[in-house]
Amino acid sequence: MSDPVNPSVDSPEYPPELARLPPGRHGLPREFVAHNQRERLIAGLAEAVAENGYAGTTIAHITRHAAVSRRTFYEHFNSKDECFVAAYDTVMTELRERVDQAFNEEDEWPQAIRAGLAAMLEFLTAEPHLARLSMVEALVAGPVVVERYDAAIQSLVPYFEAGRKGRSAEVLAGLSPSTEEALIGGMVSLISRRIFADRTEELESLLPDLVEFTLTPYLGSAEAAKVARAA
Amino acid sequence: MAAKSTPRPLPGQHQLPREFIAQHQRARIINALALEVSEKGYRAVTVADIVKRAGIARNTFYENFGSKEDCFLAAQQFAMSAALGRVVEAAGEIDNWPYRVEAGLAAFLGFVAEEPALARTCMVDALAAAPTSVRYYEESLQAFVSLFRLGRDVSPHGQELPDTLEEALIGGVFWILYQRLLLEEPETIGELLPELVEFALTPYLGAEAARAVALEGDGAPPAATSRG
């Protein structure tokens, strides 16, 4: 439920549909207003970046989209980069929660991978601006964000590593220490290249390919294809 | 070439042909850009940074390149053609596909180890630079796709493999190489060959056959005996 004066991070529309407080007097507690302003600035940055690209975005663009003053911006962030990092973290937290939830709802690991991937693609397709911010503009933003981007990708390793559990010695011998990283790198590359090319709407159609690609080293081609093509 | 061992001449005193100097300057500038970009990211690098690192005059930069972007694109193209040249040279002659992939990957890893900053420009930084560099990136990726795709002919289930398999494999290889480059130990890049070969061949041949090729590890097909 999205309550217009009480935006919740748990709201399914969060963060793009952040509630907007009307400017001026509203009699809300200071703490709350400050928090809300920060969220507005983050949403403002996402909109401004979608419009102008990260390099072309100015603080004026951000404050205009957020409908706050320049001074308010500097009460929350020291620079455009700092605001971007906050926006990036917000998007990744949201994405991560959805993936986690979908993954944990399944009992079997192959189905859990499928569900997690589906949740990720669904989020990115539904939020093309945020997809672009997190997968494309993050690379443009510079070393600080790139470090976070790298860490976010590496943090997916445990989901796949879980697939080693209970495999035969033969299968395990076929997995190298970097198998998970290579699979995730390949997956991210497939996804982000489509976002770069403004073909975000195609992302959901990648699901069967991604499932088969990532499960093959653990299950073998035939079994991976079966899970991938299951409706 | 004699020029290699000649100490750097004082300005105005050198006897080297103009052409040679021009080539040499271009290469220095390109290298300087690649190093700066890998340290600071494309957006933060200025022409002044490049000029300083290359130890040349600002004018010299603009005699060679119109802008930072122009210079980046030249670096990317240089790196792409150097890398692909090596891959083609190493892999082109080999008929047996799995060994062809292995030889191609070995050659590519050799390039990455020798020119880590330049390799980064075409594998990573190109995506953050400019629309044209993204297009070049796609072109270089497609060149590798064609090499991998030949594996469908030797795979027992080649017809059923997902369309995007090759793109995903190359993305995975680039990612592993990039992670290794971040450790700033380019000399260890070659160690990745067996696991990358195995990763790339598994979808086509199955894990066992892929591992067999990877573990032979010399980049050459076995003499006469079959792999079993």
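1. Residues 1-6 of chain B have a pLDDT under 50 (pLDDT is the predictor's confidence in each residue, from 0 to 100), and the model has two contacts beyond four places in sequence for them. Two residues are in contact if their C-beta atoms, placed from the backbone, lie within 7 Å. Residues 222-228 of chain B are also below 50, with three contacts beyond near neighbours in sequence.

2. This is a predicted model, in which local features need pLDDT of at least 70 and side-chain atom pairs count only at pLDDT 80 or more, while totals for chains, interfaces and linings use all residues. Residues are numbered from 1 along each chain as its sequence is written, and chains are lettered from A and ligands numbered from 1 in the order in which they are written.

3. The model scores are ipTM 0.84 and pTM 0.84. For chain B the mean pLDDT is 88, with 88% of its residues at 70 or more. Within chain B, helix α1 (residues 18-40) has the lowest confidence, a mean of 88, and helix α2 (residues 47-54) the highest, 97.

4. Chain B contains eleven helices and zero strands; helices (H or I, at least four residues) and strands (E, at least two) are DSSP runs, numbered from the N terminus. Of its 228 residues, 44% count as buried. A residue is buried if 20 or more other C-beta atoms lie within 10 Å of its own, exposed if 12 or fewer, and partly exposed in between, with C-beta atoms placed from the backbone. Among contacts in chain B with a separation of 6 or more, 62% join residues 24 or more positions apart.

5. The 23 residues of α1(B) should span 33 Å at 1.5 Å a residue, and the end C-alpha atoms are 33 Å apart, which agrees. The expected span is 1.5 Å times one less than the number of residues. Buried residues of α1(B) include B:Ile29, B:Leu33, B:Glu36 and B:Ser38. Their cover includes α2, α3 (58-64), α4 (68-91) and α6 of chain B. After α1(B) comes B:Gly41, with a positive phi near 85°.

6. The largest nonpolar core has 125 residues, and A:Leu41, A:Leu45, A:Ala87, B:Ile29, B:Leu33, B:Ala83 and B:Ala200 have the most contacts inside it. Such a core is a set of buried Ala, Val, Leu, Ile, Met, Phe, Trp, Tyr and Cys residues joined through C-beta atoms within 7 Å. Helix α5 (residues 97-114) of chain B gives the most to this core, twelve residues. The core lies between domain 1 (1-77) and domain 2 (82-229) of chain A, because both give residues to it. Apart from neighbours within four places in sequence, A:Leu45 is in contact with A:Ile62, A:Cys83, A:Phe84 and A:Ala87.

7. Chain A is divided into domain 1 (1-77) and domain 2 (82-229), with bounds from an automatic or database domain assignment. Each of these domains of chain A puts 15 residues into the contact. On the side of domain 1 that touches domain 2, helix α1 (residues 30-56) of chain A gives the most, ten residues.

8. Between the chains, 31 residues of chain B are in contact with 31 residues of chain A. On the chain B side, α6 (116-129), α9 (165-182), α10 (193-205) and α11 (207-216) give two or more residues. The largest share, ten residues, comes from α9(B).
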